[in-house]
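Here is a short tour of one protein model, written for someone who likes cut-offs stated plainly.

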Amino acid sequence: WVSTQASNSNGRSYAVEKSSTARPLPDETFDISFPHASVSGIVVEDTLALASQSVVLKDFALGVVNQQSKGIIDQAFDGFIGLGFKGSSPKETILDETPTFLEALMPRLNSPIFALDFQSRANGAAGPKMVFGGMESTRIGGELANAPIDRSTNRWTAKDISFSIRGERMVESSDMSFDTAGGNHIYAPLSVVSAYYSQIPDLLWSSHLGGYNCTIVIPCATQLPDLEMHVGSGTARIRSDRMMGDRLTGPADPSWRTLCIPTLQAGGGPYPGKDCLGLRLVGAPFFYENYVVFNQAEPSISYAPYV
């Protein structure tokens, strides 16, 4: 989907009437909800171009947003491309009968893979980079580990991911989805989260964000341990400095400004007394430490530390 409101932080928007290739689909609408936000609008077919016209998809069905929540307006993007499989929820297509973005794209590529590089310095600019149809082997600093993907969902979900904390491997494992949008957090089972923060006396469960009382906040000066994730045939280490997240802003109480939201959060609830999001996700901390390759033909992910 694409936004029609230029109030997004990058100031861009899409206008159906200004596109010579747009064709509105009568009576077709869409409505998508995210954990803290939602969008809705009409559906059009238009030509979608990526990477300076190097990839062009004609007559691609996309949602044109005419209503969006503040959680979307505040983001530094003006649209969203789903990189998952066709399935039920969350939907990866605006219309059930249309192909997903990857289904439409893959026949045009040399290889049915795409790669995420969160430490890219492409064109002199820092920031995540996507490579469709291949990978940059010069960015990979070790042997690629592999994990098969469970196709019973429409996400990139790897089974039996487990964790080690302070050198001790946790018994519990969990099926977890890789967040190709690069969300800030890792949402793990409560037993993992409890063990990770067990030596931090000032941990708080906060209802400050989004009305949820399952957000963990800690003093920003806290020294956190590394986190090891055992995924498929390999182990990924996430350094402690990747585990501290953003500083809280507001409310008026100045003491809140010394607190931060760490990147490891509890997911997959509910838990007693906690309104936790039903998520088990692997987000940006993993991608900042590892070059990750997604294979759609043989559903799997491969990963290795950066060079």
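A search of the whole structure turns up 16 aromatic pairs, where rings of Phe, Tyr and Trp (its six-membered ring) pair if their centres lie within 6.5 Å, and planes under 30 degrees apart count as stacked, over 60 as edge-to-face and the rest as tilted. In phenylalanine 118 and phenylalanine 287 the ring centres are 5.3 Å apart and the planes meet at 25 degrees, so this pair is stacked. Phenylalanine 118 sits in the loop between strand S5 (113-117) and strand S6 (129-132), while phenylalanine 287 belongs to helix H4 (residues 284-289), so the pair ties together parts that are 169 residues apart in sequence. Helices (H or I, at least four residues) and strands (E, at least two) are DSSP runs, numbered from the N terminus. Ring pairs also link a cluster whose members include Phe60, Trp156, Phe178 and Tyr303.

Please keep in mind that this is a predicted model, in which local features need pLDDT of at least 70 and side-chain atom pairs count only at pLDDT 80 or more, whereas totals for chains, interfaces and linings use all residues. Residues are numbered from 1 along each chain as its sequence is written, and side-chain values use heavy atoms, with hydrogens and water left out.

Next comes the disulfide (a pair of cysteine sulfur atoms within 2.5 Å). The structure holds 1 of these, formed by cysteine 220 and cysteine 260 with their sulfur atoms 2.0 Å apart. The torsion about the S-S bond is about 100 degrees, so the disulfide is right-handed. Cysteine 220 lies in the loop between strand S13 (215-219) and S14, and cysteine 260 in strand S16 (residues 259-260), 40 residues apart.

Buried means under 20% relative accessible area, exposed over 50%, partly exposed in between (1.4 Å probe, protein chains only). Cysteine 220 counts as buried at 19% relative accessibility, and so does cysteine 260 at 4%.

Strand S8 (residues 157-165) is mostly covered, with 7 of its 9 residues buried. Its pairings are listed below; two strands pair if DSSP finds at least two bridges between them.

| Partner of S8 | Bridges and sense |
|---|---|
| S9 (residues 168-169) | 2 bridges, antiparallel |
| S10 (residues 174-178) | 3 bridges, antiparallel |
| S14 (residues 227-231) | 4 bridges, antiparallel |

Isoleucine 165 has glutamate 168 as its bridge partner in S9 and stands opposite leucine 227 in S14. S8 and S9 form a hairpin with 2 residues between them, and arginine 166 in the turn has a positive phi of about 55 degrees.
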